[in-house]
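Work through the exercises below with the structure in view. Each task is followed by a solution in steps.

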Amino acid sequence: MEKRYFTAAVVVAALQFGLSGCSGSEDDETAGENNRNSRFATSNRLGHDSPSALQIRAYKPGVLNEDKLPQVTSETLRILDFLRRRMSNELSRISPADPAQLAHSRNLAAELDLSHQLCARGGQARATLLAGPRFNYGDGQILLGAGARQRTEMNYCVGPLSESYLQVGSFTAEVISGLIGQSLEFVSESGQITLMYDRYGSLNSSRTGSYQQGDIRYTLHSPLKLALSGQSYLEMPLDSRRLEFGLYDFTLALEKQPANYEQEDGQLNSPAPFRIGLGSLGEDYSIELSSPLMYNSSVESFWSGTILLRDGSSTLKLEIYDGYTEYHFDAASDGSFETVQVL
């Protein structure tokens with residue numbers, strides 16, 4: 001199962017473990033890079049640079065032309081499918097807590113040094129509870145309730161020898177409503193949590209790596225419906241190093257629907273246009289899901305839906321069908337699509 005945040009789950013689980021006393025695989029290219037870089041250390045390979053050394057993409061407004069259309073089409077679909085998978089995985093992680101087993105936590109440390117647990121080869125990791133409430137749960141877990149805020153900081157934290165990345169930066173989790181569990185999963189059937197990332201991610205020996213920057217909010221409406229929203233969010237995922245994207249003033253909603261053979265289909269929608277940054281081009285475009293993207297779990301792909309991408313003067317319409325996508329290009333946005341191709 002894909003993790004929501006590539007180290008957040010580990011950090012928060014360690015935090016809760018310490019307080020109480022008691023979530024994709026990489027591609028072949030990344031795996032090879034991991035093997036080559038598996039023996040570097042903080043002191044002799046990256047020196048004492050600050051987390052600002054983490055390379056984060058800056059996007060500029062894009063201009064559509066016929067040469068870019070296949071690349072824009074394929075990358076847009078990959079990003080939307082990546083986000084759909086993340087949201088679907090979040091829904092699958094829901095594990096509602098029994099209210100009868102909740103009790104307010106008291107006399108727990110507000111700050112915890114996680115360095116000895118997470119930074120086996122050097123560096124620092126620290127988690128701080130900025131506000132409550134916290135709850136003891138029947139099996140020894142510590143759950144965070146509405147109003148809780150927690151900050152996690154990684155300062156060149158180097159894990160076991162098998163891991164070639166330094167963790168850097170910080171993020172703050174704020175529970176708006178509901179209950180959140182040890183790995184930042186929902187343990188209530190509705191709720192909302194906001195994550196604020198400050199250059200949080202990983203570096204390898206060439207000062208590249210994964211990152212998360214900006215704000216993203218998860219709103220759980222029901223066990224079958226989840227929304228993502230935020231003002232500005234940038235990411236290069238650890239488990240998909242060839243994918244890099246930005247989202248601006250966005251809201252995406254996923255609603256899962258029962259399917260045959262205990263599988264679940266779903267639809268991805270957005271109530272309003274937003275901007276999407278395509279990492280391979282370093283450009284962003286206005287995007288609108290003019291009809292919901294329907295997902296078929298049996299073939300693991302979208303099978304219907306319509307997407308409109310705009311650059312201010314041109315429009316690219318993506319019509320998704322079962323097994324293929326047509327893109328239609330209107331260079332002047334006058335309603336006349338001069339180019340129609342199948343991808």
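**Exercise 1.** Which residues form a nonpolar patch on the surface, and what is their accessible area together?

Solution. The model is a predicted one. Step 1: the patch consists of Tyr321, Tyr324 and Val342. Step 2: together these residues have about 280 Å² of accessible area. Step 3: tyrosine 321 lies in strand 17, which covers residues 315-321. Step 4: tyrosine 321 has 33% relative accessibility, so it counts as partly exposed; that class lies between the cut-offs of 20% and 50%.

**Exercise 2.** Find the residues of the largest nonpolar core that touch the most other members, and name the helix that gives the most to this core.

Solution. Step 1: the largest nonpolar core holds 61 residues, and Leu195, Ile307 and Leu309 touch the most other members. Step 2: the helix is helix 4 (residues 69-92), with 9 residues in this core. Step 3: a second, separate core has 11 residues, among them Tyr59 and Met236. Step 4: for the protein as a whole, 53% of the 343 residues count as buried.

**Exercise 3.** Describe how strand 12 pairs with strand 11 and with strand 14.

Solution. Step 1: strand 11 (residues 225-236) and strand 12 (residues 245-258) run antiparallel and are joined by 10 bridges. Step 4: here phenylalanine 245 is opposite leucine 278 of strand 14.

Key: Residues are numbered from 1 along each chain as its sequence is written. This is a predicted model: local features need pLDDT of at least 70, side-chain atom pairs count only at pLDDT 80 or more; totals for chains, interfaces and linings use all residues. Side-chain values use heavy atoms; hydrogens and water are left out. Patches are made of residues with over 30% relative accessible area and no salt bridge: like charges are joined within 9 Å, nonpolar side chains (Val, Leu, Ile, Met, Phe, Trp, Tyr) within 5 Å. Accessible areas come from the Shrake-Rupley method with a 1.4 Å probe; for residues, only the protein chains shown count as cover. A salt bridge is a side-chain nitrogen of Lys or Arg within 4 Å of a carboxyl oxygen of Asp or Glu. Helices (H or I, at least four residues) and strands (E, at least two) are DSSP runs, numbered from the N terminus. Buried means under 20% relative accessible area, exposed over 50%, partly exposed in between (1.4 Å probe, protein chains only). A nonpolar core is a set of buried Ala, Val, Leu, Ile, Met, Phe, Trp, Tyr and Cys residues joined through side-chain atoms within 4.5 Å. Two strands pair if DSSP finds at least two bridges between them.
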